[in-house]
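Open the structure and keep the sequence beside it. We will go from strands to cores to a helix pair.

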Amino acid sequence: MQLISRWSGVAIAWVLLCLVAAGAWIYNRQESDLAAKAHEHLQFIAELKSREIGQWRRERLGDASVLTDNYIFTSAVTRWLAAPTQEGTAAILAVFRSLQRNYSYDDILLIDAVGRVRLSLSGRIYGEDSAAMRDRLAVLRSGRAALSDLHIDAGGSEPVMTASAPLLDHQGKTQVAVGAILLEMKARTFLFPLIRSWPTPSLSGETILVRRDGDSVLYLNELRHRANSALKLRIPLTRIDVPAVMAVLGRQGVVEGNDYRGAEVLSALVPVPGSPWFVVTKLDRHEALEVWRFRSILILALLLSTLAIVVSVFVMLWQRNAKEHYRVQLKQEAMLHKDEELHRTILLTAMDGYWLVDSGGRLLEVNEAYCRMSGYSVEELLSMRVSDLETQETATETAVHLQRIVAQGEDRFHSQHRRKDGSLLDVEIRTEYRPVDGGLFVFFLQDITERKQAEQALKQSHDLLSNLASLVPGVIYQYRLHPDGRSAFPYASPGMNDIYEVTPEEVQQDATPVFGRLHPEDYNLVAGSIQDSAKSLTTFYCEFRVILPRQGLRWRWSQAHPQRMADGGTLWHGIISDITERKVAEEEKAKLQAQLQQAQKMESIGRLAGGVAHDFNNLLTVINGYSQLLLEDRRLDEANQRTVTEILKAGERAAGLTAQLLAYSRKQVLQMRPLDLNNTVQELRSMLQRLVGEDVEVRIALKASAGTVQADPHQLEQVVMNLLVNAKDAMPAGGRVLIETANVELDENYVRTHPGVQAGRYVMLAVSDTGVGMDKQIQRNIFEPFFTTKGLGKGTGLGLSTVQGIVAQSGGYIDVYSEPGHGTTFKIYLPALAAVASDAGPLAAMPVLRGQETVLVVEDQHGVLQYAVAALSAYGYRVLKAENIGEALQAFEHEGGRIHLILTDVVMPNGSGRVLADELQRRQPGVKILFMSGYTDDAIAHHGVLESGAEFIQKPFSPQQLAAKVRSVLGT
């Protein structure tokens, strides 16, 4: 008996130790698992809120961008700002009301170019405080749509945001804003409800929006546990235990700390993309672990009960009297009965539901857990069958299901039961068949309603994000780089079809098709940027070019945030946008800046040349004067007279050069008077042919209506002769020269691409030759003094600089059109003294001629191509565009003979418009052809490029002139 007692004590101690250790391990493990689930839940909510807020910001910015890009609306508002009218005010307010009705803006303002509020939908008076004025002027200077941060207006009480839409002149092709539309929205209308919503019931769950404000954190929204806190509550950055401080200091992911109340919380930190904001989702720690504490109490009670039973068993064994065998059997039976009762107690007090069901489907036993789940009492449930609670099976189907369980021995499935109040209960069921007492089924039922709701919410959120992603310009994507170098796009929005012309499914497993679209020169740039981002886990930024089968060369911009995966690979979440239009605009801007710099350079050279010529003339006065005095001295012998004569000749030649420099610098004295340009050319007719020789044919084509200009007749004659000599030098083997006059009007489109030119009516003098032509580099330098392409000793390089100086001093402008092998045309525009009717009648009287036909525009100069397309589209035409002959033929074949007119440049780098016209007329007889060129129409015919009677329009042309010419060619 002592041996039994000794081993009994050891066994009891060992069992106690094992139970305590197991209980502690289970408690810690379950607490960690529950905290991890809470972390995952908070991270999901934080990322969801961040995406929703970021999407809301992009939508507001998109609203502003749509207003900026609306050419008709911005033009109407620009006119109203210049000259307000009641009708214009009503029209603008109508548009404002439509925006407010459709997008729930609280107020919409119109400001002018100096930032003053000119119009308000609400009629409220806005103060001109310095901060508001500074923000408005910043938007006007940037010329781009922008979002303000959350703020409280002076005199206001609620946080608001403003989406600013600059009004850009001429369809947004310049960066000068004439005003802006301010879309004002109150945060309580959408942003704060979006932040405040929480996907599951919670007593402490809260989403907070914060940003850094100097050396503190500023809370942007109203807090759940502190009233009147939006944009007012601040916490210093020294409080690094506060999750909001961690967020603005760069921390991301799940953290633990103390919130603004000082309570212990679990938090998830996520930045809002494209903003200085950070989303902080938090849950009180005691709430997150409350469920487990309740479970731990039950488990502890169960462990204590088990311990008590084990101790009792050992005590009973220790006290057992082995004298009578039947008493031992009775005690064993009593122990077996107690074990059964213990198992029954465990089943009846378990957290999950429990049924005992007979072969007919009647409930024989249920526990309290299922009563709580279903709302029925034990008595009510014991009077029911399985089919009375089951909603997804009929009584017959339930009977069949029970027979299947009998055959299988067990089953596990999901189902749906109906509670006593009529609501539905999602359950996961595990059942076993016991072949006793005619066959019994043991059911264990777990309530999975919350899990189903979370899965449904996740699915709805995914569907919402997928729908939103399909509306976002460009493509939203995930890019995965594996450790072995393989790469793929696990997710890509439908925009992948437009950005890379591949479907998301084609690159889901292999990204090779995307890399095959990269421009060869940009391939290493993109690959290197990916590798750098993968190594340092810094954000991936890159601008690059792609070559697509349908769209050709396009520009793309991508930004993506990387994260390291468990296998050592990297996953990026990012977006790719089409920035082709922006890059084209930047190229146009650079071209205009280069033209302006060239004009400034020529002006500076002109001032220098004028100063040098003026001072040199003073020296030549002395030299030539004394030379003449010496020649008049009779005491001078013959040898010295010849020497002085040579000095005088050299001085006179130098005087001629300084005269040319003065003409170039516009510092010579001109005898200005009204001149009929036609008469001036006619008076030179007899001399011009002798000037160029017999191997050059001179033709003169003067418009009868050419008007009067203000000019020096002698200087104007010098201009014509200099240009004629220049043309002769360009035709060493002979050729033809054409001199023309005409009335023209230079409109805003011409002025925009020619710095220093003013719009208005001019008389044009054009000199065209069939010579060797010039490339772009030579054209940029031809007006510089002493620049020449002639051999040493064959030219001073002052001829064209003199021409430019005379024209500029006469208030006019000179332009040149030339291409190697196609001759040159110099056009001189002198202001007309009086309004003169052109050959086609006054431009102001031009009818607005619209059409619905299809026009194909072929032009290698991108700016001219875009202008012609925009002009014809404004008159109702359906317009196709091509930058070369290959694209033109491809567009023509695609349309299948539905093109009514071809508008093509005459001279192009890879062929002429005449060749293209012949080919298209061969494919579609009867198609109309209209040629255009910077050369004059007579000059083009003079080159032999066009046949007699071909339809032609001369650059530059106004939209009205183009529409009238197209309508004339197509016929009424």
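Predicted model: local features only at pLDDT ≥ 70, side-chain atom pairs only at ≥ 80, totals over all residues.

Begin with strand S12, residues 353–358, and strand S16, residues 440–447. The two run antiparallel and are joined by 6 bridges.

Arg430 has Phe444 of S16 as its bridge partner. S15 and S16 make a hairpin, with 5 residues between the strands. Look in the turn for Asp437, which has a positive phi of about 50 degrees.

Now turn to the cores. In soluble globular proteins, nonpolar side chains tend to be buried together. The largest nonpolar core in this model has 48 residues. Ile53, Phe96, Leu110, Ile181, Leu191, Leu209 and Trp277 have the most contacts inside it. Helix H1, residues 2–69, gives the most to this core, with 8 residues. Take Leu209 as a way in. Its contacts include Ile53, Leu191 and Trp277. Leu209 also touches Asn221. A second, separate core has 34 residues, among them Ile806, Phe826, Ile828 and Leu830.

Finish with a helix pair. Helix H20 spans residues 677–692, and helix H21 spans residues 713–729. Their axes come within 10 Å and cross at roughly 40 degrees. The crossing is right-handed. On the H20 side, the contact includes Leu684, Met687 and Leu688. On the H21 side, it includes Val720, Met721 and Leu724. The residues of this contact divide into 11 nonpolar, 1 polar and 3 charged.

Definitions and conventions: Residues numbered from 1 in each chain as written. Heavy atoms only, no water. Axes fitted to C-alpha atoms, helices over the stretch in contact; angles between N-to-C directions. Helix = DSSP H or I, 4+ residues; strand = E, 2+ residues; numbered from the N terminus. Left-handed = near helix turned anticlockwise from the far one by under 90°. Contact = heavy atoms within 4.5 Å. Nonpolar A, V, L, I, M, F, W, Y, C, P; charged D, E, K, R; others polar. Pairing = 2+ DSSP bridges. Core = buried A, V, L, I, M, F, W, Y, C linked by side-chain atoms within 4.5 Å. Buried < 20%, exposed > 50% of the residue type's maximum accessible area, 1.4 Å probe, protein only. Lists of a residue's contacts leave out its neighbours within four places in sequence.
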